[in-house]
Structures are given as structure tokens and as C-alpha cells.
Amino acid sequence: MTTTPTVLSSGRSRWEQRFTAAQEAGRVRDADFSTLSGVEVEPAYGPTDGEAPERIGWPGEFPYTRGLYPTGYRGRAWTIRQFAGFGNAVQTNARYKMILERGGGGLSVAFDMPTLMGRDSDDGLALGEVGHCGVAVDSAADMDVLFSDIPLQDVTTSMTISGPAVPAFCMYLVAAERQGADLTKLNGTLQTDIFKEYIAQKEWLFPPEPHLRLIGDLMEYTSAKIPDYKPLSVSGYHIREAGSTAAQELAFTLADGFGYVELGLSRGMDIDDFAPGLSFFFDSHLDFFEEIAKFRAARRIWARWMRDVYGAKKEKSQWLRFHTQTAGVSLTAQQPMNNVVRTAVEALAAVLGGTNSLHTNALDETLALPTDQSAEVALRTQQVLMEETGVINVADPLGGSWYVEALTDKIEAEAYAIFDKVLQLGGSTLSASDHSAVAAAVQESAGEANVAQWPITAGLLRGIEDGWFMSEIAEAAFQYQTALEKGDKKVVGVNCHTESLAHELEILRVSHEIEREQVRELAERKAGRDDATVTAALATMQQVARGEGNLIEPMMDAVRAEATLGEICDAFRDVWGEYREPARF
């Protein structure tokens, strides 16, 4: 690493010391960090003396606009985490092994619609949906098969599920137990984000308060017993896919994250114990520079709120770590080969924005679940970026760009305007940019166990109840669709350049025999288990649900007895009821 001939600024000096320390500790990969032509590049670039070096800071320094690590991707490249799941557990297990064998760094489970809604495959409402948009998981036995010959102690696993996330997680833990894994060593991410379900995706089970109780129980359990596991992935992806703007995606998602911080604090948890277990999930759309700016602004806002509003002292508590998925909504059924280009551009934006892990969509996902071939192309897209482009050589290579920095500031300002509205919905007159005043309001709430009374959470719940979030997203989606229909916005192959020589794609089709087989296997499992043990475990779980105890252990006992996901969720529905979204016209 070379240095500039001028006297180094204090910021650059600090960064160089941290980079050198990481290098000496073996946290910088032994790799070729030169250009394709052999030109050596610095690990990071920044302003020279006299160019306000503290304006945006350095990689690895608060507020982390330029990334969490002084080494950037030189220390560790992003995790290639391809989202996969279809049919039954046997089929999906084979796909996971293919992903891992071909260079995937972690697994990400896609569940089918009945599972996402807490229904078993033999439920009348599941008819025709089993295995079609993800893998069917009815009990711990399915989870055993799903991860057969994949050591869960050694592989990070993400599970994209929110409404029934906690019982699904208990099934994952029981599957790990049966493998002989040390549960304290498990690492991965559970989505669990119920706020975004009410706001955008609509896959809830119960009213908000019971869901928040389950999430709080999960946060306490993992913080105490599985310290590396991330029990919450706060998701903006589904908000953006529903039609929001980039600024709305950012602001709604971070506000949801603040709500979960308030949930932990309302439980009396130390923020520096649970905050490192929070992670995020964002969409990477096609407006290249806007997406990069969004990711940079997200890190900066989160760091400042965690330190200045919620009082986090540890560096890792102030980090916004996030997974990115390329924009499914940007893919087109027309001329689907164009989707390879769209996905590559979106993936590059995520990398230049500093994502920690990445899923790239397949070219045929607008038509069906990916074939093996299209899944491989999606995987190779990431590997080409990682191995051939040189984008991993320099931390925050666009840092200091007038355009990128201006966009970052603009998106941040738009997000703060939305935070103001959320506070107002909760009855507060505070300005979100007045961190000290919001911090004082948080301190006043410290003795309040009902998280619905905390400043951001109060606004979130009122916004959900009033349909405000849904209305804001609907308006943004309408504006975009209008521009598309007028031709003001162009989509190649859809409203311009529509001539094509492309042939129809061969797509993956899930046989209805999968559903019949899944239902048969479920019936056999139910017939072979001890019904008295299942009934007693579910009754104990309901008793705790009516009281105040932590529900994780009683739920795990039910799972060990082979209680199904539907039975567990129905037991909770009997106690808490089902949520019905208020009509809004």
C-alpha cells in the first residue's frame, strides 16, 4: 500500500492505521488487487488535503457511509447467497447442493405460499399452491430432509419467512439438533419482519401485538443462546417490489428497524446485546446511481440513530449490515434474455453500494421458478463481478463523486421527511432530525413495557391501522405506471424496441404430483406420531401464550413431537385470533 506524498489528513491517517492492523491480523485476502492491465490500485480513495476529508469520512469509520470495514471487499467479498426453494424438500435439497458445489457461499430458503401463511399442505386453502413458489415445509421432518447432508453448523442459512417465522425457526433448530450440531454455533438470518407484511407483502397471521410478542421472545432467546444468529432481517425488498420509491423503501424499512429496536428496549434488553443481531434486506433496482446512494444513506442514517437516539455504544451495534436481491419487479416476460443484463446492472449497484450478501434473480423468474440453467447463469453473474471486473479492489470506489454524494444527501433528506410523518402519526411533534429530542422521548418511554407507546412504534402501528403506508406505496406505483403507459419511462421490449427474434423459454414446472405426495407423507407422519404428546405440547404452548413467558422452548417441544406448522399456528390463532386488514378506499 502506497501513501500520498503530501501530509496525510487525520482521517486518512486513522483509516490507514485500521487497514494496516487488519492486514497484520490476516483479515485482508491474499489476492491480486491490480487492474486488468496490471496497474496497482489503492485499497481506498478519498479527498486530498484541503478537500474537506471529514465530509464523507473513510471506509470503516462512523457513520459508515463508505462501508463498514476499512478493508472493503479486500478483507472479505460479499456472500453469494442464492434464494432457492421449489417443490418438496428432496428437490430443494438437491438445488442447495448444486449451489454450494458451484461456489455459493450460503443458503437462502424460499418457502411456498401455504408455509408462508402458516398452513399445512393438506389444508383446504393450500390446494394447488403446494411447492409452487417455494418449498413446502410442514414439520421438522421436512426440515431434516431440506438440509440433509448439509451441516447447518458450518453453513449460514437465511430463511425468508415472516408470519410463521418463529415456529419455522424452531423446526430449523430441531433439524440442527438431530444433526448433532452445537446450537450455540449456528449462524444465519431469519426474516421475521412483520411490519413489512402489514405495509406491503400481506403475509401476516395474527394482529400486530401478538406478532411483536413472538419477535421479542425470539430476540431474547437468540441473544442469550445463539449469539451469532440474526433473528430479524428488516426487509425493504417487498416494500420496493410493491411499488414504492427508493426513498420510501429506505425510510419505511429503517423506521421498521427503529420499531424493532424499541421492542428490544421495551423488554429491558441492552441495545449492545441485541442490536448486532439485526440485519436488513434491500432491493437493488435499475436506477444505478440512485440505488448506490440509497445503500450509502441507509448505513449513515442507521449509525446515527443507533448512537445518538438509542444510545448504542459498540461499533457493531451501529452497523447496518444488509443483504440485497436484484429487483424481481424489473424483470419482463417480454424478451426475457434482457433480464440477464438488468440483473447484472442491479447486482453491480449493490456491490458498489457495499452489500454484505447478494442474490441475483434468474432471467425466467417473471414466468416461473428458475430452471437449473437459469439459476446457474444468475450465480455466474455474481462470480463474474467478483472475479473479473476489479470492483472488489477498492472500498467505496464512487465515494467523493459529486453526483453520488449529492444523491446520497438527497435520499437521506427525503427519508427524514418520512420519519417526521411517522412520528406525527404516533402523536409526536418532534423533528426526526433533532436526534437529542427523539432520544429524550425514547428515555421517557424506557419504563413502558408496551412497545406500542414508544415514539416510532406508535407511528408505525397507527400508519398500519390507518392504511397510510399502503396508500403512499399505491400512489408511487400509480405514478410510475402512468409514466410507463405514456412512454415517459422506457422498458426495453415492453414499450420500446419490441421487435425480437427470441424463442419461447423452457421453464420449470412443478408437477401436481408433488402436492399429492406431500399430503400423503404428511398423513403418514401424523399417523406415526404420539398424538397425546403432540396435544399436550400444544396445550402447554397455548398456556404460555395466554401468560407472559417466553414461547420458544414450549414451541420447540411441540416441534420435537412432530407438531406441524399449521397445528402450531392454529393453536396461536385460537388464543390471539386472526388479523383482518381495515378496508381503505
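Start by selecting helix 2, residues 89-101, and look at what its buried residues pack against: strand 1 (79-84), strand 2 (106-110), helix 4 (140-146) and helix 14 (372-388). Contact here means heavy atoms within 4.5 Å, and buried means under 20% relative accessible area, with exposed over 50% and partly exposed in between (1.4 Å probe, protein chains only). Helices (H or I, at least four residues) and strands (E, at least two) are DSSP runs, numbered from the N terminus.

This is a predicted model, in which local features need pLDDT of at least 70 and side-chain atom pairs count only at pLDDT 80 or more, while totals for chains, interfaces and linings use all residues. Residues are numbered from 1 along each chain as its sequence is written, and side-chain values use heavy atoms, leaving out hydrogens and water.

Stay on helix 2 and colour its buried residues: Ala89, Thr92, Asn93, Arg95, Tyr96, Met98 and Ile99. At the N-terminal end, select Asn88, the cap, which has a side-chain oxygen 3.2 Å from the backbone nitrogen of Val90. After the helix comes Gly103, with a positive phi near 110°.

Next, select strand 5, residues 232-235. Leu232 and Val234 point one way, Ser233 and Ser235 the other, and all are buried. Two strands pair if DSSP finds at least two bridges between them. Ser279 of strand 6 is the bridge partner of Ser233.

Move to Ser357 in strand 8 (residues 357-359). Is Ser357 buried or exposed? Its relative accessible area is 8%, so Ser357 is buried. Beyond its neighbours within four places in sequence, Ser357 is in contact with Trp78, Thr79, Arg81, Phe322, His323 and Thr324.

For a contrast, select Glu444, in helix 16 (residues 435-444). Glu444 counts as exposed because its relative accessibility is 70%.

Finish with the lining of the second largest pocket. Select helix 18 (468-486), which gives the most to this lining, with seven residues. Helix 8 (237-241), helix 9 (246-266), helix 13 (338-352) and helix 15 (402-425) are among those that each supply at least two residues.

How values were computed. The expected span of a helix is 1.5 Å times one less than its number of residues. A polar contact is a pair of N or O atoms within 3.5 Å; within protein, one must be able to donate a hydrogen and the other to accept it, and residues adjacent in sequence count only if both atoms are side-chain atoms.
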